[in-house]
Protein chains: 2
Amino acid sequence: MTRTANVAVVGATGAVGQEAVHLLEERGFPVGRLVLLASGRSAGAEMAFQGRLHRVEVLSQADFRDIDLVLSAPGASVSREFAPRAVAAGAVVIDKSSAFRMDPEVPLVVPEVNGEAALSHRGIVSSPNCSTIPLVVCLKPLHEAFGVRRVVVSTYQAVSGAGRRGGEELFRQTVALLNHRPLETEAFPHQIAFNVLPQVETFRPEDEGYTTEEVKIVQESRRILGIPDLRLTATAVRVPVMNGHSESVNVELDRPVSAEEAREVLSRAPGVAVVDDPAGGEYPMPLEATGRDEVLVGRIRRDPTVASGLNLWLACDNLRKGAALNAVQIAEFLWSRAEGRRRLVAE
Amino acid sequence: MTRTANVAVVGATGAVGQEAVHLLEERGFPVGRLVLLASGRSAGAEMAFQGRLHRVEVLSQADFRDIDLVLSAPGASVSREFAPRAVAAGAVVIDKSSAFRMDPEVPLVVPEVNGEAALSHRGIVSSPNCSTIPLVVCLKPLHEAFGVRRVVVSTYQAVSGAGRRGGEELFRQTVALLNHRPLETEAFPHQIAFNVLPQVETFRPEDEGYTTEEVKIVQESRRILGIPDLRLTATAVRVPVMNGHSESVNVELDRPVSAEEAREVLSRAPGVAVVDDPAGGEYPMPLEATGRDEVLVGRIRRDPTVASGLNLWLACDNLRKGAALNAVQIAEFLWSRAEGRRRLVAE
């Protein structure tokens, strides 16, 4: 008889939560009982899983004593509130919010990059920001092969990164503009339809002109790659794309590398798909990345302005590998290592 | 009596040509006679200028003997064909196409940056690429004040950069998608609606993985700034925006500079408007740049990953300062320097 895990999904009705439920089924994760949790506002909704409907329950009243694994994708404040309660009840929480990402006691994990770190958890494993994940998946093999010295990244982030209301707002604004109707702005600080916003998340006085998103990209990448002094600078930008984050990445390496060598290293890297025949019109695009598990990498070319520079371009399904898939992969990794043990809790 | 110039606009019915006609009127350029020229396909159309309709004539049959100044915005092959003929007839051609930009005998001019270079023309003055112009307008004052060492730029380019058919394609594709109808792709190599394409223009084997757009940004910037060995690397990207190019710019300077110093220098620079109160939601956006003469610059902040780095973000009306306005400003500059002379031709 197959060992199964009782799984709770917190924030089940959100964009990432829905994707997580979908992926648990698609990937055949050995789910025993599935518990869907959300705020009171979303409770009572029904979601399909393995051919039957599951009713969404209220998070604040949830009992975690019988739960092995929590896939958590609410806002950070909700995670901070419920996660300790779930851990105290014996569950392992894989949290997609920013709540615990910089907590030195909580491993921050991308399985292809630092999967082993997940094993040292004390009940919570954190999953990185949706812009950080594709970046480190590509930087890791480059760092191992050639040594990464400095990175300049500019992002092209889809509205789904702001949750369901992000997509709804782009849709509503687009329809309004095409019909010459006035448009409303709620999810983003300015009109996003047919516009570009050099702001993802918020500006805090202590961040010296950077957004919290840009700070996350830098700090999380350093933690995951295990390079505390990695020189990485980011500009995070929202574009009117429904789903799929893209990034323009300039990398300085320790030794000169040809585009072919870099392509070869990346094509062997786990979680990466090289899509790089630009003259044939093949390069990563958010439309192509959507629904794919891999980070798509292309436009790989030497940057001759430094001794050993590379430019590359990546695209990633930010709801999938950028969020829900990474969390499910952490669950799969922990589960595969838990072997005969009843619980996923570390020794 | 005011001296007037007889002006021909070539490619008058295109996106840039229409903007040029509009700007000649808006800016009160002393136009004597206006001649609108286009291919046979567009001939016969009528365009308004100074309150009356002008009929578009066929370029191939045009007589330039009475023309002082040609504002030229057709494709490069058309420019190469007609421009020598116009120059031979005594006109000065200000050409927006890529035909003569790298010709050492043709000055490549952004008036705020290297206006004087226009005076050495031999009949043709070239106006740069729409991504190059805003970049050099910002790099010039930074270079003069602090010395520019290296630049990494990623662009977010509007569809209007591909001419009228670019805007028509984004509109048609958006409508098709919202109505669940199949969409057609002609102006761009892939769907642009709700997508991002890391390709602007074409890939040539000799460019080692870069697009012709990216090569132009590098080569033209070096010429205009007069820094033949400027270390500048570019990634040019098309985004689903109707009008207004944005650029994420990382600059290494010769000496450490605070964000305040950089802001101060940029705010005094001609052709630049600093829009930089990010916490108050103020930063450059393509929607805000459209209709403005200046290049909008913001998100100015130190990049701590190098000894003296800056990140900044700019937005520019690519049809206006990125194209038609720059050409009209070159015309104004030449006209102001021509003084008593009948013709704009150099000595």
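Author: The bridge partner of B:Val10 in E2(B) is B:Leu37. This is a predicted model, in which local features need pLDDT of at least 70 and side-chain atom pairs count only at pLDDT 80 or more, while totals for chains, interfaces and linings use all residues. Residues are numbered from 1 along each chain as its sequence is written, and chains are lettered from A and ligands numbered from 1 in the order in which they are written.

The pair belongs to a parallel arrangement: strand E1 (residues 5-10) of chain B is joined to strand E2 (residues 31-38) of chain B by 5 bridges. Strands (E, at least two residues) and helices (H or I, at least four) are DSSP runs numbered from the N terminus. Two strands pair if DSSP finds at least two bridges between them.

E1 and E2 of chain B sit in an open sheet of 7 strands, ordered E3-E4-E2-E1-E5-E6-E7, with mixed pairing. At its edges are strand E3 (46-49) and strand E7 (124-126) of chain B, each of which pairs on one side only. From one strand to the next, the twist averages 25 degrees. Helix H1 (residues 15-26) of chain B packs on this sheet and touches E1, E2, E3 and strand E5 (69-72) of chain B. The direction of H1 makes about 155 degrees with that of E1(B). Such angles run from 0 to 180 degrees between N-to-C directions, and axes are lines fitted to C-alpha atoms, for helices over the stretch in contact. Two residues are in contact if their C-beta atoms, placed from the backbone, lie within 7 Å.

Chain A has an open sheet too, with 7 strands in the order E3-E4-E2-E1-E5-E6-E7 and mixed pairing. Its edge strands are E3 (46-49) and E7 (124-126) of chain A. Here strand E1 (residues 5-10) and strand E5 (residues 69-72) of chain A pair in the parallel sense over 4 bridges, and A:Val7 has A:Leu69 as its bridge partner in E5(A). Helix H2 (residues 76-88) of chain A packs on the sheet, touching E1, E5, strand E6 (92-95) and E7 of chain A, at about 155 degrees to the direction of E6(A).

The domain assignment of chain A gives domain 1 (5-128 + 323-338) and domain 2 (132-318); the bounds come from an automatic or database domain assignment. The C-alpha centres of the two domains of chain A lie 25 Å apart. In contact are 14 residues of domain 1 and 19 residues of domain 2 of chain A. On the domain 1 side, helix H3 (111-114) and helix H9 (320-338) of chain A are the elements that give two or more residues.

Then there is the relation between the chains. Chain B can be laid on chain A with an RMSD of 0.0 Å by a turn of 180 degrees and a shift of 0.0 Å along the axis. The two copies are thus related as by a two-fold rotation axis. The superposition is by least squares on the C-alpha atoms of residues with pLDDT of at least 70 in both copies. The contact takes 47 residues from each of chain A and chain B. The side of chain B has 25 nonpolar, 15 polar and 7 charged residues. Ala, Val, Leu, Ile, Met, Phe, Trp, Tyr, Cys and Pro count as nonpolar, Asp, Glu, Lys and Arg as charged, and the others, Gly among them, as polar. The copies meet through the same surface, because 100% of the interface residues of chain B are also interface residues in chain A.

Within that contact, the axes of helix H5 (residues 164-178) of chain A and helix H5 (residues 164-178) of chain B come within 11 Å and cross at roughly 120 degrees. A:Thr174, A:Val175 and A:Leu178 in H5(A) meet B:Thr174, B:Val175 and B:Leu178 in H5(B). This helix contact has 4 nonpolar, 2 polar and no charged residues.
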